[in-house]
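Hi,

Here is the structure I promised to pass on.

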Amino acid sequence: MSKVYVFDHPLIQHKVALMRQTNTSVKDFRELAREIALLMGFEATRNLPLEEVEIETPICKTKVNMLKGEDIAIIPILRAGLGFVDGMLELVPNAKVGHVGLYRDPDTHEPVEYYCKLPKDIEKRQIFVVDPMLATGGSAVAAIDFIKQRGGTNITFMCLIAAPEGIEALQKAHPDVDIYIAAKDERLNENAYIVPGLGDAGDRLYGTK
């Protein structure tokens with residue numbers, strides 16, 4: 001079963017609290033999303049492989065640990081997942097970025113892919129799928145399905161806020177995918193919105209209603 005990491009860092013808790021407030025501006029909401037992604041990414045990348053290399057300092061030659069390549073892919077789920085990309089790229093600027101776009105069929109209520117563009121060597125990369133909200137889990141499960149169908153295997157999911165229902169659904173569908181969460185909320189309401197949540201993350205990132 002996948003591992004679930006819920007962050008208790010004071011800076012992350014403070015920034016999430018600011019994002020929840022109804023009076024937080026679009027500008028501030030975007031900046032907070034970027035900052036939280038950077039802070040979360042610092043921990044989520046803890047297990048990236050290292051290799052020992054020899055360098056020369058101003059004093060002498062020495063052996064140090066450096067990243068064993070930078071074979072990382074950041075895959076936001078459109079559109080709200082874009083809010084996490086800049087923060088992750090600050091940590092790993094050479095990462096490749098792909099995109100997965102989904103919509104929910106009005107009749108079947110199943111996620112339908114309308115766009116999927118991934119790095120050509122996706123099977124070789126450590127993949128970070130990012131989306132601010134994990135509500136029912138449907139979009140996250142489907143996006144990871146599509147990535148696996150194209151060869152992706154080493155996948156981590158990162159989100160801002162999650163409901164227990166979404167965590168359970170994602171773990172059941174993809175028990176090999178670890179989940180990093182800034183805040184775990186109480187439940188979903190009758191409209192499948194996370195409670196207490198922060199509203200629609202896409203609308204708040206881009207000023208749409």
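Let me start with a cysteine: Cys-116 has a relative accessibility of 18%, so it counts as buried (buried is under 20% relative accessible area, exposed over 50%, partly exposed in between, with a 1.4 Å probe and protein chains only). Cys-159 is buried too, at 0%. Neither is in a disulfide: the sulfurs of Cys-116 and Cys-159 are 20 Å apart, and a disulfide here is a pair of cysteine sulfur atoms within 2.5 Å. The disulfide count is 0.

Before you go further, some housekeeping. This is a predicted model, with local features needing pLDDT of at least 70 and side-chain atom pairs pLDDT 80 or more, while totals for chains, interfaces and linings use all residues. Residues are numbered from 1 along each chain as its sequence is written, and side-chain values use heavy atoms, with hydrogens and water left out.

Now the salt bridges (a side-chain nitrogen of Lys or Arg within 4 Å of a carboxyl oxygen of Asp or Glu). There are 10 of them. One pairs Asp-185 with Arg-20, with 2.7 Å between the closest N and O atoms. Asp-185 sits in the loop between strand 11 and strand 12 and Arg-20 in helix 1, so this pair ties together parts 165 residues apart in sequence. (Helices, H or I of at least four residues, and strands, E of at least two, are DSSP runs numbered from the N terminus.) Asp-185 is buried at 7%, whereas Arg-20 is partly exposed at 23%.

Another links Lys-27 and Glu-31 at 3.0 Å; both are in helix 2, 4 residues apart, about one turn of the helix. Arg-34 and Glu-35 also pair, at 3.9 Å, and shared partners join Lys-15, Arg-34, Glu-35 and Glu-90 into one network.

What about helix 5? Its buried residues are Gly-166, Ile-167, Leu-170 and Gln-171. The buried residues pack against strands 1, 9, 10 and 11 and helix 4, where contact means heavy atoms within 4.5 Å.

Gln-171 also touches Ser-2, a residue in the segment before strand 1. Ser-2 is buried at 7%, and its side chain reaches the backbone oxygen of Val-177 at 3.1 Å.

Cheers

Methods. A polar contact is a pair of N or O atoms within 3.5 Å; within protein, one must be able to donate a hydrogen and the other to accept it, and residues adjacent in sequence count only if both atoms are side-chain atoms. Lists of a residue's contacts leave out its neighbours within four places in sequence.
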